[in-house]
Amino acid sequence: MPFEEYTALIATWLQQALSAGDLEHQTPPEPLARVLVSAFFGAQHLSWLVNDRTDIIERTLEVLHAVVPCTRDPRHTSPYLHDHTAA
């Protein structure tokens, strides 16, 4: 299966966030991880075709914010992404 390890890793992170009370989502971690991996692949592919990947961070954040709304809170994103988007 393509992207199996990425999906498992994201599912683990989602499960940890759910267990910690940091994830408010009705979809279980495993299917949510599959959706995210598919969306990330599509976002990076379109970014590559349309903008030579110059907007990959913005497109990735769009996916996260649309699918996992709690990521709009800066505490739930990486410091690198937060610093990059503030610039």
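## Overall fold

The protein has four helices and zero strands, taken as DSSP runs numbered from the N terminus (H or I, at least four residues, for helices; E, at least two, for strands). Along the sequence they give the pattern α-α-α-α. Please keep in mind that this is a predicted model, where local features need pLDDT of at least 70, side-chain atom pairs count only at pLDDT 80 or more, and totals for chains, interfaces and linings use all residues. Residues are numbered from 1 along each chain as its sequence is written, and side-chain values use heavy atoms, with hydrogens and water left out.

## Surface and burial

The accessible surface comes to about 6,000 Å² (Shrake-Rupley method, 1.4 Å probe), and 59% of that surface belongs to carbon and sulfur atoms. Of the 87 residues, 25% count as buried, meaning under 20% relative accessible area, while exposed means over 50% and partly exposed lies in between (1.4 Å probe, protein chains only).

L49 is exposed, with a relative accessible area of 55%, whereas S47 counts as buried because its relative accessibility is 0%.

Across the protein, 45% of the contacts with a separation of 6 or more involve residues 24 or more positions apart.

Terms used. Contact = heavy atoms within 4.5 Å.
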